[in-house]
Amino acid sequence: MKAVTANRLEDGVVVYLSNDNDWTSDLTKAARFENDDAKAALAGAEARAGEHAGAYLIEVSDAGAPSGRETLRETIRKDGPTVRLDLGYQAEASS
Amino acid sequence: MYRYDEFDATMVAERVAQFRGQVARRLSGELTEDQFKPLRLMNGLYLQLHAYMLRVAVPYGTMSSKQMRRLGEVARKYDRGYGHFTTRQNIQYNWPALVDVPDILDDLADVEMHAIQTSGNCIRNVTSDQYAGATAEEIEDPRPYCEMIRQWSTFHPEFSFLPRKFKIAVTAAEHDRAAVKVHDIGLRLYRNDEGETGFEVIVGGGLGRTPYVGHTIRKFLPKKYLLSYLEAILRVYNLEGRRDNMYKARIKILVNSEGAEKFAEMVEDEWAQIKDKDIDLPREEIARINDYFAAPAFEKLSEESAALEEKKAADKDFARWVRANTAAHKAPGYAIVNISLKPIGGIPGDISDVQMEAVADIAEKYSLDEIRATHEQNLVLPHVKKEDLYTVYSALKDADLATANIGMVSDIIACPGLDYCSLANARSIPIAQRISERFADLDSQEELGEIKIKISGCINACGHHHVGHIGILGVDKKGEEFYQVTLGGSGAEDAALGEIAGRGLSSDQVVDAVEKLVGVYRERRQDNERFLDTYRRLGAEPFKEALYEAA
């Protein structure tokens, strides 16, 4: 399964395309797509270029976690730096 | 220190205003990301994994207290309360919002700072010896030449779209702290047999995926021809450098494919045509720039300080810090103080807003208002009176900035790696932290002496792993982090590229591996040999054996 991710234009933070076609900071709430649907979703996101600084597809598991080859990179994007647990989304989750 | 004249001030202010307009047009949707990206990069603004990243220039690593204080304020006001000093003597902020960047640049412009020449395919911010103007080793202060290069290169219309980025470093000391042999152009100021001073011009060094030690293309260049000769090199590169493949676009590829001799000829031919065409600065202008860097009025002091000796005798930790973190100054009774940004288990190069302000205060009171950034991601207070050393040490200690480990095994260069960087294949910082913790004991670090460990999270080599005595390169093996160890590199006057020790190691194995390498050295070292000397004497074999012995 795939999800669409991007960095939000105004501040660069990581976002994911949600089911209601908005952006969410929570990967578990991201819309998940298969094959051609994923490509179409990405094309749709790319057309909204005023909202982000570049969108791309990532692999996600059924539970909505990063998976596949880029698991580590996308986990770090999802949570924040592994060396600064007080920064990124992981900080909000624990506070 | 250099102070902006009206031209500098106008140029920077106009640039900020221009970028403010570009940001507004991007936010309104008038510019696409493809159109905006080259514009933001020309202003030091990158996009990383979690956010934008703003790289601020610190020309030749020299800052005033006021500037350092402002860097701290920016970290607090617009970022997450810290900054990161880089291997190009710059500072980066990891979390600025695009909408705030024009205001950040305005705040920086107030203290004569900017983000120009920190990105893009231009001549980047010039780097130099962090001990410039303070060490007795140098024949003169190299910074006036850095400043001349800065003024010549900033917005140079002919060199704004080079095949690739271009880095110049200048030193004037025998001991090379500026890594001049691994730059696109390295300049070494020295005195020849006739007693004249001039530059050895070294071209085509560099790290990255195709590392090279530079070639000397001119043994002696009279100082007055500095700019015309640089212009000749840049012209040859701009015309002949490859633009079809970004991995082959650096000048090192051109120099090594043409051969250094042929490349030198091409430069000499070009130079013959332009050397007398008013590119070089007139004598008065050189004198004007030199004046900015006139040595501060050092007090007449005796070389030894009784107060210092007393404190050293009474406080063992202080004595260790003096041994490890201070260096000889050219003026009697003064010392150069290194501030380690490598606390045990810390993140190399990171410094908090509060620490920046502490450094600013200390420099203002005790270092004639001057601070330097080093390419090894530390800071320097260049002019501290020996009688003030204990006060400075105490103030640094209060700010958690007094780790006594300069040049030692825990004084590690590490790029931001996969924790921040979108180019990285593996994390660098956690490896640095774990090595630092493994060797935490300062007594044994001091006993081991100089060992330079450098870690990069990808082949672009921002962590200079090729020139580490022990280099560590992070690679991605089917989604897992692996680390390749190189041995015997050096970025100093004895520059050499490290050799790959063997197959990659897992993240779990790499710290043990470093310990094994250090173990071989500890066992086999003779007299006061450094790790690198022992390695060079023995060759790679005993080290490889220890690394890959049946585990």
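Mentor: Helices are DSSP runs of H or I with at least four residues, strands are runs of E with at least two, and both are numbered from the N terminus. Keep in mind that this is a predicted model, where local features need pLDDT of at least 70, side-chain atom pairs count only at pLDDT 80 or more, and totals for chains, interfaces and linings use all residues. Residues are numbered from 1 along each chain as its sequence is written, while chains are lettered from A and ligands numbered from 1 in the order in which they are written.

Now find helix H3 (residues 65-78) of chain B and helix H12 (residues 353-366) of chain B: their axes come within 8 Å and cross at roughly 170°. Axes here are lines fitted to C-alpha atoms, for helices over the stretch in contact, and angles run from 0 to 180 degrees between N-to-C directions. So H3(B) is roughly antiparallel to H12(B), a label for angles over 145 degrees. Who touches whom? On the H3(B) side you'll see B:Ser65, B:Met68, B:Arg69, B:Leu71, B:Gly72, B:Ala75 and B:Arg76. They meet B:Asp353, B:Met356, B:Glu357, B:Val359, B:Ala360, B:Ala363 and B:Glu364 in H12(B). By class, this contact has seven nonpolar, two polar and five charged residues. Ala, Val, Leu, Ile, Met, Phe, Trp, Tyr, Cys and Pro count as nonpolar, Asp, Glu, Lys and Arg as charged, and the others, Gly among them, as polar.

For another pair, look at helix H7 (residues 251-258) of chain B and helix H8 (residues 260-274) of chain B, packed at about 110° with axes 5 Å apart. That makes H7(B) and H8(B) roughly perpendicular, the word for 65 to 115 degrees. Here B:Leu254, B:Val255 and B:Glu258 in H7(B) meet B:Ala260, B:Lys262 and B:Phe263 in H8(B), giving four nonpolar, no polar and two charged residues.

Zooming out, chain B is divided into domain 1 (6-110), domain 2 (142-292), domain 3 (306-398) and domain 4 (413-548), with bounds from an automatic or database domain assignment. The C-alpha centres of domains 3 and 4 of chain B lie 27 Å apart, and nine residues of domain 3 are in contact with 10 residues of domain 4. Finally, 24 residues of chain B are in contact with 23 residues of chain A; helix H14 (residues 429-438) of chain B gives the most to chain B's side, with three residues.

Note on methods. Two residues are in contact if their C-beta atoms, placed from the backbone, lie within 7 Å. Angles under 35 degrees count as roughly parallel, over 145 as roughly antiparallel, 65 to 115 as roughly perpendicular and the rest as oblique.
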